[in-house]
Amino acid sequence: MKSSVLAERLQLFASLGVLVGLLLVAYEIRQTNVLAEAEAVLAMQSGWELISISEYETDIGELRAKSINDPESLTEPEVFKLNGWLTAITTQFDRRLELDERGLGYGNAEFDVAREIEGAFDYYLNNQFGRAWYIENRGWIDPVITDIWDEKMKDDAPGSEFNYAKRLKDQIRQQSRGN
C-alpha cells in the first residue's frame, strides 16, 4: 500500500512537472511572438525613414519635381529610379495594411491607414507621371489601396497625358536594337 501511494504521488509530481514545462514553453513562444511583432513594426518604420531620407539626401527630390513639372523630359534612368521609389512607397503601405490586419498598427485613429493612403496619393501620385505610374502598376497593388486611389483618380487628371507605358516600351525597343 505504501508503494502504491508513493507511485501515485510520484505520478502527480511528474504530471505537475510536465504541466509547468508546457506553461514555460507557451510563455517562451509568446515572448518570441512579441519580439517578432516589434521587429515587424520597427522594419516598417525604418522603411518610411529610408524613403523620407532618400527624398532629401538623393536626387529623388529633384526627379520628383521634374516628374511633376516636366515629365516628358525624364530620361530612362530617371523613370526607372522614380519607378523604384514609388514601388517602395506602395510596398510600405502594403506592409502597413498587413500589420493593421494583425492588430499591430499604431492603434490611434489619428494615424488611420486609409487616410494615410489617401494622403499619399495627393503627395506622391497626383501629377501626370504619378497617375501614369499608378495606372501601369495597379495590378499588383493591394485592393484596399487601389480602392482608395481609384476614387482619387476620378478627379480630373492634372495637365496633359503622360504615357508611362509607351515610354518604357519604346526605350526597351531602342535598347534591344542597339545590342
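Predicted model: local features only at pLDDT ≥ 70, side-chain atom pairs only at ≥ 80, totals over all residues.
Modeller: Residues are numbered from 1 along each chain as its sequence is written, and side-chain values use heavy atoms, with hydrogens and water left out.

Colleague: Why are H2 and H3 called roughly perpendicular to each other?

Modeller: Their axes, which are lines fitted to C-alpha atoms over the stretch in contact, come within 10 Å and cross at roughly 105°. Angles of 65 to 115 degrees count as roughly perpendicular, and H2 and H3 are therefore described in that way.

Colleague: Which residues of H2 and H3 meet?

Modeller: Ile-60, Leu-63, Arg-64, Lys-66 and Ser-67 in H2 meet Glu-78, Lys-81, Leu-82 and Trp-85 in H3, contact being heavy atoms within 4.5 Å.

Colleague: What is the span of H4 set against?

Modeller: The expected span is 1.5 Å times one less than the number of residues. H4 (residues 113-125) has 13 residues and reaches 17 Å from its first C-alpha to its last, close to the expected 18 Å.

Colleague: Why are the buried residues of H6 said to line one face?

Modeller: Ile-145, Thr-146, Ile-148, Trp-149, Lys-152 and Met-153 are buried in H6, that is, under 20% relative accessible area with a 1.4 Å probe, whereas exposed means over 50%. Seen down the axis of H6, these buried residues fall within an arc of 165°, so they line one face of the helix. The face turned away from the buried side carries the exposed Pro-143 and Asp-147.

Key
Helix = DSSP H or I, 4+ residues; strand = E, 2+ residues; numbered from the N terminus. Arc of directions from axis to C-beta. Axes fitted to C-alpha atoms, helices over the stretch in contact; angles between N-to-C directions. Parallel < 35°, antiparallel > 145°, perpendicular 65-115°, else oblique.
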